[in-house]
Amino acid sequence: MVLTIDLAVLLAVVIVLRLRRRTQARSRNDEQLTVLVALVFGLLIAPTAFGQGILDAVGEVAQGVTDVGSP
């Protein structure tokens, strides 16, 4: 039996654990590392079907907001 860990899933867990900490307890370097990990996570899920679904959903929301503002 071979155990494989998807890097995107591992980074998602790391992001959740890092964001659970109190904001006051974070240093500037800690916040920068969290942003870097989140960016790498975004790059990993972007080409997947899940990432494309998120992109489509955000695009539809943005289009809906744009349509509401036009006469």
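**Entry 1. Helix 1**

I began with helix 1 and found that Ala 8, Leu 11, Ile 15 and Arg 18 are buried there. I take buried to mean under 20% relative accessible area, exposed to mean over 50%, and partly exposed to mean in between, with a 1.4 Å probe and protein chains only. Seen down the axis of helix 1, these buried residues fall within an arc of 85°, so they line one face of the helix. The arc is taken from the directions that run from the helix axis to the C-beta atoms.

I noted that the model is predicted: local features need pLDDT of at least 70, side-chain atom pairs count only at pLDDT 80 or more, and totals for chains, interfaces and linings use all residues. Residues are numbered from 1 along each chain as its sequence is written, and side-chain values use heavy atoms, with hydrogens and water left out.

I then looked up the length of helix 1. It has 13 residues and reaches 18 Å from its first C-alpha to its last, close to the 18 Å expected at 1.5 Å a residue. The expected span is 1.5 Å times one less than the number of residues. The cover over the buried residues of helix 1 includes helix 2.

**Entry 2. The chain as a whole**

I recorded three helices and zero strands for the protein chain. Helices (H or I, at least four residues) and strands (E, at least two) are DSSP runs, numbered from the N terminus. Along the sequence the pattern reads α-α-α. Of the 71 residues, 14% count as buried. The chain exposes about 6000 Å², and carbon and sulfur atoms supply 68% of this area. Accessible areas come from the Shrake-Rupley method with a 1.4 Å probe; for residues, only the protein chains shown count as cover.

**Entry 3. Helix 2**

I checked the span of helix 2 next. Its 18 residues should span 26 Å at 1.5 Å a residue, and its end C-alpha atoms are 26 Å apart, which agrees. The buried residues of helix 2 are Asp 30, Thr 34, Val 37 and Ile 45. Seen down the axis of helix 2, they fall within an arc of 65°, so they line one face of the helix. On the other side of helix 2, I found Arg 28, Asn 29, Leu 39 and Leu 43 exposed. Helix 1 and helix 3 (49-69) are among what covers the buried residues of helix 2.

**Entry 4. A salt bridge**

I searched for salt bridges, that is, a side-chain nitrogen of Lys or Arg within 4 Å of a carboxyl oxygen of Asp or Glu. The count comes to one salt bridge. The side chains of Arg 18 and Asp 30 form it, at 2.0 Å from N to O. Arg 18 lies in helix 1 (residues 7-19) and Asp 30 in helix 2 (residues 28-45), so the pair ties together parts that are 12 residues apart in sequence. Side chains of opposite charge can pair when their charged atoms come close.

I noted that both Arg 18 and Asp 30 are buried; for Asp 30 the relative accessible area is 11%. Leaving aside neighbours within four places in sequence, Asp 30 is in contact (heavy atoms within 4.5 Å) with Arg 18 and Arg 21.

I turned to Phe 41, which lies in helix 2. Not counting residues up to four places away in sequence, Phe 41 touches Ala 8, Leu 11, Ala 12 and Ile 15. The C-alpha atoms of Phe 41 and Ile 15 are separated by 8.8 Å, although the two are 26 residues apart along the chain.

Gly 42 is also found in helix 2. At 32% relative accessibility, Gly 42 counts as partly exposed. Its C-alpha atom is separated by 9.7 Å from that of Ala 12, which is 30 residues apart from Gly 42 along the chain.

**Entry 5. A nonpolar patch**

I listed a nonpolar patch on the surface, formed by Leu 7, Leu 10, Val 14, Leu 33, Leu 36, Val 40 and Leu 44, with about 540 Å² of accessible area together. Patches are made of residues with over 30% relative accessible area and no salt bridge; like charges are joined within 9 Å and nonpolar side chains (Val, Leu, Ile, Met, Phe, Trp, Tyr) within 5 Å. Helix 1 and helix 2 each supply at least two residues of the patch, and the largest share, four residues, comes from helix 2. Leu 10 is found in helix 1 and is partly exposed, with a relative accessible area of 42%.
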